[in-house]
Amino acid sequence: PKVVAVAVAALILTAVPLPRIVAILRPDFAALAVIAFAVFAPRSAGLLFAFLVGLALDAFKGVVLGQHALALTTVAFITLNLHLRIRMFTIGQQALTVLSLLWLKEFIVFWIDGVTGHPITDGARWLAVFTGAVVWLFVPQLMHRLLTRR
């Protein structure tokens, strides 16, 4: 139930319309949720969770079906393989790791956009990668509270 609630909250935060200046800085909450569960609760949400969140994100954004699913599943696979190492990192090292994972996710989506002939957006799409890494500084505390509450 907690996994579903967090996934729904992440998708809602992604879908809420915002002014352009704020929207370009909005972190990818869906990707952050996938990474957070892969690191802190790998048995609760795995590759299927990442795939389903990605499909829902594709439906919300109206893009090629499967592009976010592929990107989030790839990120989840890497994160699940490294989750014990990531947990041992300091919060700054975790943020840099999350920055790399978010960059990879955004690159996969960017690549699929290019291959499918959709318009390539400006460089603003990469700003969310950095804000996501900044938001990650608070995610471990939130996940600890979420997972320890009954």
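**The nonpolar core and the spaces around it**

Author: In this predicted model, the largest nonpolar core comprises 30 residues, and those making the most contacts inside it are Ile-35, Phe-49, Val-53 and Trp-136. Two or more residues of this core come from each of α1, α3, α4, α5, α6, α7 (127-136) and α8. The element that gives the most is α3, with 9 residues.

Ile-35 shows how these parts meet. Leaving aside residues up to four places away in sequence, Ile-35 touches Val-75, Thr-79, Val-98, Leu-101, Leu-102 and Trp-136. Trp-136 is itself among the core residues with the most contacts.

Helix α4 covers residues 47-61, 15 residues in total, and spans 21 Å from its first C-alpha to its last, close to the 21 Å expected at 1.5 Å a residue. An α-helix has 3.6 residues a turn, so residues three or four places apart point the same way. After α4 comes Gly-62, with a positive phi near 70°.

Attention may now pass from the packed residues to the open space. Rolling a probe the size of a water molecule over the atoms shows where empty space is left.

The largest pocket holds about 690 Å³ of space. Its lining consists of 25 residues, and Ala-23, Lys-61, Glu-106, Thr-121 and Arg-125 lie nearest the centre. Elements giving two or more residues to this lining are α1, α2 (20-23), α5 and α6 (91-115). Of these, α6 supplies the largest share, 4 residues. In terms of class, the lining of the largest pocket divides into 11 nonpolar, 5 polar and 9 charged residues.

The second largest pocket contains about 310 Å³ of space. Fifteen residues line the second largest pocket, with Val-6, Phe-29, Ala-33, Val-139 and Leu-142 the closest to its centre. At least two lining residues are supplied by each of α1, α3 and α8 (139-148), and the largest share, 5 residues, belongs to α3.

The residues lining the largest cavity are Asp-28, Leu-102, Lys-105, Glu-106, Ala-128 and Val-129. Both α6 and α7 give two or more residues to this lining, and the largest share, 3 residues, comes from α6. By class, the lining of the largest cavity has 3 nonpolar, no polar and 3 charged residues.

Two residues link these descriptions. Leu-102 lines the largest cavity and is also touched by Ile-35. Glu-106 lines the largest cavity and is one of the residues nearest the centre of the largest pocket.

Conventions
Residues numbered from 1 in each chain as written. Predicted model: local features only at pLDDT ≥ 70, side-chain atom pairs only at ≥ 80, totals over all residues. Heavy atoms only, no water. Expected span 1.5 Å × (residues − 1). 1 Å grid on protein atoms, 1.4 Å probe; cavity = no way out; pocket = protein on both sides within 12 Å on 5 of 7 lines; lining within 4 Å. Points joined across faces, edges and corners; volume = space filled by probe spheres on them. Nonpolar A, V, L, I, M, F, W, Y, C, P; charged D, E, K, R; others polar. Core = buried A, V, L, I, M, F, W, Y, C linked by side-chain atoms within 4.5 Å. Buried < 20%, exposed > 50% of the residue type's maximum accessible area, 1.4 Å probe, protein only. Contact = heavy atoms within 4.5 Å.
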